[in-house]
Amino acid sequence: MPWASVTFSGARHHLVLELDASVVAQAWFVALPDLELPISGHLVADLQVATVETVDGVLRAAIEALTVEEC
């Protein structure tokens, strides 16, 4: 979904990721908002793991991110 402010333009992203439930997957989702995520021509300005749930051995996380175009 397109996004813009007075000085930047970019997009909002909504993703749902599913991984096998494990301690490693849980730790990755916890660390994700603080990771540097290189995307050519863009910056990840904000990233939040909105929800995390485990159902039948599957870890499902809803992720919301804001990317802006590099100047």
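The largest pocket is lined by P33, L35, E36, L37, P38, I39, H42, L43, V44, A45, D46 and L47. A pocket here is an open set of points on a 1 Å grid over the protein atoms alone, where a 1.4 Å probe fits, with protein on both sides within 12 Å along at least five of seven lines; lining residues have an atom within 4 Å of a point. This is a predicted model, in which local features need pLDDT of at least 70 and side-chain atom pairs count only at pLDDT 80 or more, while totals for chains, interfaces and linings use all residues. Residues are numbered from 1 along each chain as its sequence is written, and side-chain values use heavy atoms, with hydrogens and water left out.

The volume of the largest pocket is about 190 Å³. A volume is the space filled by probe spheres set on the grid points, which are joined across faces, edges and corners. Its lining has nine nonpolar, one polar and two charged residues. Ala, Val, Leu, Ile, Met, Phe, Trp, Tyr, Cys and Pro count as nonpolar, Asp, Glu, Lys and Arg as charged, and the others, Gly among them, as polar.

L43 sits in strand β3. Strands (E, at least two residues) and helices (H or I, at least four) are DSSP runs, numbered from the N terminus. L43 counts as partly exposed, because its relative accessibility is 46%; partly exposed lies between buried, under 20% relative accessible area, and exposed, over 50% (1.4 Å probe, protein chains only). Leaving aside residues up to four places away in sequence, L43 touches L66, T67, V68 and E70, where contact means heavy atoms within 4.5 Å.

Next, the second largest pocket. About 160 Å³ of space lies in it. Which strands each supply at least two residues of its lining? They are β2 (9–20), β3 (42–55) and β4 (58–69). Among the lining residues are H13, W28, L47 and I63. By class, ten are nonpolar, two are polar and none is charged.

Now the whole protein. It has one helix and four strands, in the order β-β-α-β-β along the sequence. The radius of gyration, taken over C-alpha atoms, is 14 Å, well over the 11 Å that the globule rule gives for 71 residues, so the protein is more spread out than a compact globule. That rule is 2.2 Å times the number of residues to the power 0.38. Of the 71 residues, 18% count as buried.
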